[in-house]
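Dear colleague,

I am passing on the structure below, and after it you will find my notes on what was found. Please read them with the model open beside you.

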Amino acid sequence: MINIFARSPYIIEIDETGQIETKVELYIWNDGTSTPTSPSYTLQKLIPSSNEPATWYDVSPYILEFINFDSYNSGTYPSTPVNIGNSPRDQYANVTIKRYYDTGSGMNLIDSTDYFGFAGYTFYADGSNYDYGDIHLDSGTYYYYDDGQGALGNLEYERAVPSVRVIEDALSLTAYYTNLDTAAGITVAILAEPVQVPLIYKSFYGDSVKLEIKDASLNVLATYTSVPVTQCKHTPVKIDFVNKYGNFERFWCFGASFEYNDVEAKEHKILQSSITDYNTAQGQMKEYNIKGKSRIKVNTDWVDESFSSTIKELMLSEKILVNGYPAKLNTKSIEMYKHINKKMINYEMDFTYNYNLINSVI
């Protein structure tokens with residue numbers, strides 16, 4: 001199935017012989033809800049001119065209205081990708097697009113195409129309507145925090161383990177786990193609906209683990225190596241963010257972190273209780289509408305040069321969680337370090353939590 005990464009434009013073109021008008025019907029829904037019987041949106045326009053009859057529609061903004069990241073992957077940590085169930089169903093959308101053209105005698109259906117819609121984006125260099133494919137995390141080495149409390153068991157999936165979203169899409173994909181410390185292996189088939197496949201098999205938690213996603217012909221489509229970090233001088237900080245695929249990605253900052261409280265207020269001059277015998281404890285100025293937010297500055301600790309791509313996606317992300325709480329990245333300019341210029345690479349970033357210290361929800 002074709003994927004749409006809807007933070008970038010996705011253009012539907014109609015250019016049929018003799019057309020004078022075109023129409024696009026969008027049917028958009030989330031898994032777990034009924035497929036709409038009537039279009040969610042109908043887009044229609046006349047051709048620009050007889051010698052330039054092609055029409056184009058950008059469908060991305062309509063898809064984004066059906067996607068949100070107000071919830072994170074939760075629940076007891078699964079023993080297999082099958083048990084994890086589906087990706088959170090409000091974090092992607094099903095889309096059917098029907099194209100029509102009119103030569104003067106009414107609308108004619110050209111085709112109907114099914115898509116998955118994600119709140120990801122593509123880069124200018126990728127070109128138009130680029131599709132990353134069905135595995136939504138870059139291959140590489142991922143470090144995770146092992147707090148030394150033993151195997152996960154009934155502890156929460158939130159605790160430490162990142163995951164990759166996989167769309168099986170009739171490719172007969174399989175997850176191959178290898179414990180790099182013991183050489184033990186586990187093989188698990190992947191479901192057809194988008195699923196979150198944990199990078200670490202439950203019983204391998206605390207060890208270095210390799211996950212390979214393979215197709216029916218045993219071709220390796222993606223490889224992930226997870227390495228535990230246990231001896232931490234500083235308190236690790238967990239960063240979750242929505243990456244270019246429109247999926248949550250996690251990394252840990254193992255370096256020093258610093259927490260701050262930033263407060264702002266308005267001030268006005270107050271009337272004294274008496275001009276000739278005023279109370280000196282009263283003062284002449286008073287603050288009101290005092291508001292405060294918390295801020296945290298983190299250091300990644302030493303990372304590989306390739307980590308710059310993760311930093312770039314973090315900077316472009318519209319959803320960030322720091323230790324599970326919504327935050328925004330204050331650092332708007334970061335040098336993408338190269339080992340040839342800087343032998344030891346550490347990234348320092350400043351985040352503000354996206355809520356007031358004093359509850360002001362009404």
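Glu 21 has its place in strand S3, which covers residues 21–29 (strands are DSSP runs of E with at least two residues, helices runs of H or I with at least four, both numbered from the N terminus). Although Glu 21 is buried, it has no salt bridge, and the nearest side chain of opposite charge, Lys 23, is 8.7 Å away. Here buried means under 20% relative accessible area, with exposed over 50% and partly exposed in between (1.4 Å probe, protein chains only); a salt bridge is a side-chain nitrogen of Lys or Arg within 4 Å of a carboxyl oxygen of Asp or Glu; and Lys and Arg count as positive, Asp and Glu as negative, while His and the chain ends are not counted.

This is a predicted model, in which local features need pLDDT of at least 70 and side-chain atom pairs pLDDT 80 or more, whereas totals for chains, interfaces and linings use all residues. Residues are numbered from 1 along each chain as its sequence is written, and side-chain values use heavy atoms, leaving out hydrogens and water.

Lys 214 lies in strand S13, and it counts as buried because its relative accessibility is 16%. Leaving out residues up to four places away in sequence, Lys 214 touches Ser 172, Leu 173, Thr 174, Tyr 176, Asn 219 and Val 220, where contact means heavy atoms within 4.5 Å.

In helix H3 (residues 308–315), the buried residues are Ser 308, Thr 310, Ile 311, Glu 313 and Leu 314, and their cover includes strands S15 (237–242) and S16 (248–253).

Best wishes
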